Structure formats: C-alpha cells, structure tokens
Amino acid sequence: MDTTSEEHLSGDEMWDEASVQSVEGFVNSIYTEFRAATMQKSCYILYSGDLRCAPLETDGNLDYVKDLVSNDLNGLREHYPNDDNERAEAIMQWKNFYKVIQSANILLKEIDRTGVSENEKKAYKAEAVFMRGLAYFFLVRNFGDVPYYTDAYHQEPLPRTNMVTVLKNIAADLNQILVDDPDVTCLPWTQYSSDKKAIRASRGAVLALLMHVNMWLAGFDESQKNAYYEAVVDYGEQLVEKSGNAYTLLPLSQTATLFRGGSNEGIFEIVQNLSYINGNEVFNQNAIYSNEVMYSVFDLRSQPYVQYTYDFLTRIYPPSEPDERVTYWFNENIYSTMDTDPKEVKKFEHVDLYDGKSVTSNSGNQIVFRLADAILLYAEALAELGTDDGKACGLLNRIRARAGASTLSLSGSELKDAIYWERVRELMGEGHYFYDLVRTGKVYNNQYCYHPMTKSEFREGAWTWPISRKAQENNTLITLNNYWE
C-alpha cells in the first residue's frame with residue numbers, strides 16, 4: 001500500500017497505455033487517501049463512532065471526552081480551534097473524503113485508456129465504486145446531506161444533496177457491481193493474498209457496505225423501511241451463508257489475530273503497517289481507540305484516559321452470566337467499584353513502537369467491517385421484518401456461542417433489544433456505537449443512550465457534526481448544519 005509519485009501523474013502521461021503497475025499504484029493511493037481521512041489527519045472513527053454520547057468517565061481535564069460524551073461539538077470546536085486539529089476541525093472538514101471520491105471518479109473515467117486487461121479493468125472499476133461509496137457513506141453518517149457527484153475532474157460548485165438520495169445512489173452503484181459480476185470473476189469473495197486480505201475491496205466488502213447503507217435508509221426513509229430490511233436480509237444471506245466459507249468467526253482465543261487484521265473474520269479494514277513509517281502507513285496516536293482505554297502498556301500512565309462506567313459494563317456483561325469476552329477483552333477490574341482499580345479494554349492490545357520509541361497499544365489495522373457485524377445486521381433486519389424470528393435468534397446465538405454466552409430464545413421486541421445490545425457488546429471500540437444509536441432512533445431514548453438528545457434536537461440535526469465553515473470559502477452554495485451555528 002506504499003505509494004510513490006508515479007500514481008499522481010496527470011492526463012496522457014498517466015493513463016495512455018498505462019501498465020498494471022501504474023494503475024495499481026493509483027488504486028493504492030485511493031486507499032491511502034481514505035486512511036488519511038479517517039485515521040491520520042483526524043480522530044474520525046474514534047470520536048464519531050465510539051466516544052460520542054457514550055457511557056464514559058474520565059479522571060482528568062480531558063475536554064474532548066467531556067464535549068463528546070455530552071454532545072457539545074461547539075465546545076469541542078472551541079477547545080481545539082486550530083484549523084487542522086485532529087480532534088475537532090479536521091473531523092468537521094470533509095475535504096479528505098472528497099479526495100477519495102475525486103480519485104475514484106478519475107479512475108472510472110480514465111482506466112479504459114490503459115493497457116490492462118478487460119477483466120482487470122472491471123476489477124479496478126469495482127474497487128473504485130466501492131471506495132467512492134464508502135467515502136460517501138462515511139460523509140452521510142457524519143454530516144447528513146452532502147454534495148454528491150460522480151464525474152471526474154469536477155470543479156463546479158454544488159449544493160448539498162439529500163442524504164437519502166445519496167444513500168440510494170450508493171446502494172444502486174454497489175448493487176450494480178454484484179449484477180455485473182454474477183460469477184465472482186472480478187472481485188473475489190475475499191482477497192486471499194496477504195498484502196490485500198481485508199484491506200482491498202472484495203465482494204464481501206461490497207455486501208457488508210450494502211447492508212449498512214440499507215439499514216441507514218431504513219432509519220431515515222421510513223415509508224420504505226421494509227424494502228430496505230428485505231435487501232439487508234438478501235445481502236446478509238449471500239455474505240453469511242453463500243460465500244463458500246470465505247469468512248469465519250475466529251475463536252475468542254484468537255482475539256489478537258482477529259484485531260491485528262487480515263484474519264478470516266475481517267471483511268474490510270484500514271491498513272496500518274509500522275514498517276512503512278516513511279510511507280505514511282501509520283495512524284495518528286490520538287485516533288486509536290485502545291490508546292484511550294488502556295494504560296498498563298504506557299510507562300507514564302496510572303489509568304486510562306477514559307473508562308466505561310460500572311453501570312454500563314455490568315448492564316452489558318452481567319457478572320452472573322458467562323461470557324468469555326469479559327476474560328479476553330478486559331482487565332480483571334471490569335467489575336470493581338474502587339477508584340484504585342482502573343478498568344481497561346484490552347480487546348485491541350497489540351503493542352509496538354512508532355519510530356522505535358513511541359508506544360502504541362495497537363499497531364494493527366482499524367476494523368471497518370467484520371463477519372460478526374454482518375451477522376448481527378442480518379439478524380436485526382430479520383427481527384425488524386418479524387417474518388422469521390427463529391432464524392434471527394439463531395444468528396444472534398452464533399455470536400453468543402462464540403463468546404460462550406447463554407443461548408437465547410426470544411421473539412418480537414425482546415429479540416430486537418437483544419440484538420441491539422449484542423451489537424453494543426460485540427462491536428465495542430469498532431466505531432459503531434453512536435451510529436447504531438442514530439440510525440435506530442435510540443439516541444433520543446434514555447433506555448438505550450446514556451447521554452440522550454431530545455427528539456426535537458435530533459430532528460434539528462443534533463446527531464450530525466458541524467460542517468467546517470471553510471466549506472463555504474470556495475462554494476457559495478454550501479449551507480451549514482444549522483443546529484451547530
């Protein structure tokens with residue numbers, strides 16, 4: 001995934017009869033730009049997905065934790081006012097995601113001029129469509145309505161497009177990949193080579209993204225929600241049951257393998273490789289979840305920066321119920337009420353050194369989609385339809401069985417609740433917590449959200465992020481998210 005200047009050559013110099021190596025370099029640069037947008041130039045996934053409105057406490061003057069937990073994003077902007085601060089303004093700027101979109105659009109326009117084979121062209125086009133869709137999906141989840149375009153070299157100012165329209169466009173483009181590749185000859189179910197596995201687009205990644213996009217559509221386009229749930233069931237069936245065992249749930253004893261990245265459970269991940277420090281393949285330390293919730297690997301810390309509350313942990317992992325995730329993913333203080341017993345989430349512990357000196361608790365990849373997530377979305381869609389609660393419960397129990405937890409026999413609203421809380425339990429620290437609250441409407445329900453907003457605040461856009469005012473400097477058609485202005 002290391003990149004060189006060759007991939008940024010323009011026009012005829014780059015594309016006319018370009019070799020596979022040149023095109024491969026350009027495609028790699030799209031993934032590099034996505035990594036920059038999410039894990040290097042901002043704390044995008046951590047702050048947006050894990051910390052916001054979360055049941056966290058901190059024993060220090062950590063303004064970003066207080067602001068995120070209380071959903072005070074203007075306070076975050078005031079506490080971290082620098083133009084490119086990764087904690088605030090850099091998250092509120094969308095320019096880095098549009099670099100991904102621009103590059104994907106250019107590849108789709110120009111690749112037919114290259115010397116690569118027709119099948120390779122189809123594969124690269126599919127990767128570009130996937131990465132463009134992924135970038136738009138990340139934008140919509142943070143900002144709601146966003147400017148949308150698919151033409152290369154776009155320069156004209158555009159207003160924001162309704163988020164439901166954007167999501168529908170993403171879904172249509174991704175579904176076309178499946179239609180155009182019925183025999184899975186372009187994008188394989190999973191990338192099997194070690195340098196691409198889970199970190200380059202695959203048919204599994206396309207299906208996982210389609211499942212997430214349709215679940216968001218179900219939350220924001222209620223008149224057609226059953227059609228979206230049916231689509232998720234269809235995609236889930238393909239991914240979970242018809243992929244030829246391309247993906248498997250790893251035993252929890254292989255937690256380190258799973259969260260290092262590139263495992264048989266990983267569907268799509270953002271690569272981090274410390275051996276490419278000069279090639280820009282390492283994450284910003286502040287963007288790594290485990291660096292916030294661990295302390296024992298750091299010489300100068302006596303406690304983590306943030307801890308989950310006792311009430312929350314005992315709610316999702318009741319002490320009286322068996323669950324091996326408690327053993328493998330937490331330190332021994334998980335149920336302690338003593339201030340002298342700091343709690344750690346050790347789920348992603350993979351210690352190494354940056355530059356041979358700076359400790360990071362996780363030098364592995366950032367998980368975006370994995371099989372457990374897809375199984376639970378599949379179960380959720382079935383439960384929402386109410387047509388096969390038995391199957392939905394069976395899928396839920398697959399995740400619980402892997403964790404050594406008790407088998408459940410539920411239906412109706414109880415089943416829906418159980419699936420929701422299983423996602424909270426299973427996917428902690430993987431950037432889904434706040435987004436699941438938003439798309440389900442649970443973010444304004446204090447039975448699920450420990451720091452809820454009101455329903456009227458939600459409707460006014462309190463779930464979005466502020467849009468950087470810089471967005472208006474070169475585009476007078478851009479409107480900001482009024483809730484934050």
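Visitor: Which residues does His432 touch, not counting residues up to four places away in sequence?
Guide: The model here is a predicted one. Leaving out residues up to four places away in sequence, the contacts of His432 include Arg423 and Leu427.

Visitor: Where is the place of His432, and does His432 count as buried or exposed?
Guide: His432 is in the loop between α18 (412-426) and α19 (433-440). Buried means under 20% relative accessible area. His432 has 5% relative accessibility and therefore counts as buried.

Visitor: How do α18 and α19 run relative to each other, roughly parallel or roughly antiparallel?
Guide: The axes of α18 and α19 are 10 Å apart, and the helices pack at an angle of about 160°. Angles over 145 degrees count as roughly antiparallel. α18 and α19 are therefore roughly antiparallel.

Visitor: Which residues make the contact of α18 with α19, and how do they divide by class?
Guide: From α18 come Tyr420, Arg423 and Val424, and from α19 come Tyr433, Asp436, Leu437 and Arg439. By class these are 4 nonpolar, no polar and 3 charged.

Visitor: Is α2 roughly parallel or roughly antiparallel to α8?
Guide: Helix α2 (residues 20-40) and helix α8 (residues 118-143) have axes that come within 11 Å and cross at roughly 10°. Angles under 35 degrees count as roughly parallel. That makes the arrangement of α2 and α8 roughly parallel.

Visitor: How many nonpolar, polar and charged residues has the contact of α2 with α8?
Guide: Among the residues of this contact are Val27, Ile30 and Phe34 of α2 and Met131, Leu134 and Phe138 of α8. The contact has 11 nonpolar, 1 polar and 3 charged residues.

Visitor: Why is the pair of Phe34 and Phe138 edge-to-face?
Guide: A search of the whole structure finds 34 aromatic pairs. The ring centres of Phe34 and Phe138 are 5.2 Å apart. Planes over 60 degrees apart count as edge-to-face. The planes of Phe34 and Phe138 are at 70°, so the pair is edge-to-face.

Visitor: How many residues apart in sequence are the parts that this pair ties together?
Guide: Phe34 is in helix α2, whereas Phe138 is in helix α8. Both Phe34 and Phe138 are buried. The parts tied together by the pair are 104 residues apart in sequence.

Visitor: Which residues form one aromatic cluster?
Guide: The cluster includes Trp216 and Trp463. Its members are Phe137, Trp216, Phe220, Phe434, Tyr435, Tyr444, Phe458 and Trp463.

Key
Residues numbered from 1 in each chain as written. Predicted model: local features only at pLDDT ≥ 70, side-chain atom pairs only at ≥ 80, totals over all residues. Heavy atoms only, no water. Helix = DSSP H or I, 4+ residues; strand = E, 2+ residues; numbered from the N terminus. Buried < 20%, exposed > 50% of the residue type's maximum accessible area, 1.4 Å probe, protein only. Contact = heavy atoms within 4.5 Å. Axes fitted to C-alpha atoms, helices over the stretch in contact; angles between N-to-C directions. Parallel < 35°, antiparallel > 145°, perpendicular 65-115°, else oblique. Nonpolar A, V, L, I, M, F, W, Y, C, P; charged D, E, K, R; others polar. Phe/Tyr/Trp six-rings, centres within 6.5 Å; stacked < 30°, edge-to-face > 60°.
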